[in-house]
Amino acid sequence: MTPGRALILAPHADDEAIGCGALIARKAAAGAEVVIVIASDGRAAKRADEIGGDELARVRRREAIEAAAALGLPPEAVRFLEFEDSKLDQNRGPLLEAIRRVAADVQPDEIYSPHSDQHADHRTLSEVARVAFKGGPAHFFEYPIRYWVRVPWVQPQPGRVKALIHLVVDPIREWRRPRAVLVRTGEYRERKLDALAVYAGEMANVGHFVYEFADTEYEAFFPL
Ligand SMILES: [Zn+2]
């Protein structure tokens with residue numbers, strides 16, 4: 001990893017901590033500029049049943065800033081695009097425009113974007129970011145969020161035949177991808193756990209897996 005200016009794209013507040021927490025903390029400690037972009041307003045998560053979407057959006061905004069602080073970043077390092085949660089797919093054009101605008105402002109040396117998985121928002125931001133940034137000039141990486149449990153090579157497909165074909169073709173395509181760059185969590189593992197703890201309300205919904213797969217010796221990034 002180079003110590004350059006980094007732009008972290010997160011579909012929801014918490015994805016950045018799950019996938020890149022230690023990387024962010026490591027860069028912040030090294031004095032590198034890091035900007036986190038949260039694409040959705042987070043209003044559709046499960047807690048909305050209890051406190052309502054508007055309030056939840058406010059809570060998650062606050063949590064994102066708190067989690068960033070745990071990783072060593074100031075509040076202004078977090079930018080909110082505020083697209084409606086779970087509806088990124090319906091806002092592809094404006095989303096593309098918005099992330100291009102942020103990148104033009106930040107001028108990142110490295111861009112970290114979510115690896116596609118079965119969450120529609122994750123998939124959408126992943127695809128839109130590829131359109132915007134694949135091929136440079138910034139180094140472009142994808143980070144897994146639910147990769148380990150929601151295996152991305154089994155994308156939902158309409159129809160059994162198509163599903164079967166993808167069951168064969170997708171793993172081969174996945175296997176052909178460049179090897180992941182591994183970044184040691186090391187002394188930044190605690191900070192990552194602190195950031196995840198800020199998101200405890202959300203973590204309760206996604207279950208124990210986060211700690212099994214996020215509290216690890218390395219974070220993985222796929223170069224594109
Ligand atoms: Zn997410």
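In the predicted model described here, E110 stands opposite H139 of strand β5, and the two strands concerned, β4 (residues 110–114) and β5 (residues 139–143), pair in the parallel sense over 5 bridges, where pairing requires that DSSP finds at least two bridges between two strands. Helices (H or I, at least four residues) and strands (E, at least two) are DSSP runs, numbered from the N terminus. Residues are numbered from 1 along each chain as its sequence is written. Because the model is predicted, local features need pLDDT of at least 70 and side-chain atom pairs count only at pLDDT 80 or more, whereas totals for chains, interfaces and linings use all residues.

Strands β4 and β5 belong to an open sheet of 7 strands, which has mixed pairing and the order β3-β2-β1-β4-β5-β7-β6. The edges are held by β3 (78–83) and β6 (181–184), each with a single partner strand, so one side of each is left without a neighbour in the sheet. On average, and with direction ignored, neighbouring strands of this sheet are turned by 25 degrees against each other; axes are lines fitted to C-alpha atoms, for helices over the stretch in contact, and angles run from 0 to 180 degrees between N-to-C directions. Helix α3 packs on the sheet, where α3 touches β2 (34–40) and β3, and the direction of α3 makes about 155 degrees with that of β3. Residues are taken to be in contact if their C-beta atoms, placed from the backbone, lie within 7 Å.

Two packed helices are described by the angle between their axes and the distance between the axes. For helix α3 (residues 53–70) and helix α7 (residues 189–198), the axes come within 8 Å and cross at roughly 165 degrees. The two helices α3 and α7 are therefore roughly antiparallel to each other, given that angles under 35 degrees count as roughly parallel, over 145 as roughly antiparallel, 65 to 115 as roughly perpendicular and the rest as oblique. The crossing in which α3 passes α7 is right-handed, a crossing being right-handed if the near helix is turned clockwise from the far one by less than a right angle, and left-handed if anticlockwise. On the side of α3 the contact is made by E63, E66, A67 and A70, and on the side of α7 by R191, D194, A195 and V198. By class, this contact of α3 with α7 has 4 nonpolar, no polar and 4 charged residues, where Ala, Val, Leu, Ile, Met, Phe, Trp, Tyr, Cys and Pro count as nonpolar, Asp, Glu, Lys and Arg as charged, and the others, Gly among them, as polar.

Helix α7 also packs with α1, at an angle of about 135 degrees and with the axes 8 Å apart, and α1 and α7 are therefore oblique to each other. In this right-handed crossing of α1 past α7, A17, G21, A22 and A25 in α1 meet R189, R191, K192, A195 and L196 in α7. The residues of the contact of α1 with α7 divide into 5 nonpolar, 1 polar and 3 charged.

A further pair is formed by helix α4 (residues 92–106) and α5, whose axes come within 10 Å and cross at roughly 55 degrees, which makes α4 oblique to α5. The crossing of α4 and α5 is right-handed, and its contact involves R92, L95, L96, I99, R100 and A103 of α4 together with T124, V128, A129, V131, A132 and F133 of α5. By class, the contact of α4 with α5 has 9 nonpolar, 1 polar and 2 charged residues.

Most residues other than glycine have a negative phi, and most peptide bonds are trans. In the loop between β1 and α1 (15–29), D14 has a positive phi of about 125 degrees although it is not a glycine. The peptide bond from G136 to P137 is cis, with omega near 10 degrees, and P137 lies in the loop between α5 (120–133) and β5.

Definitions and conventions. Contact = placed C-beta atoms within 7 Å.
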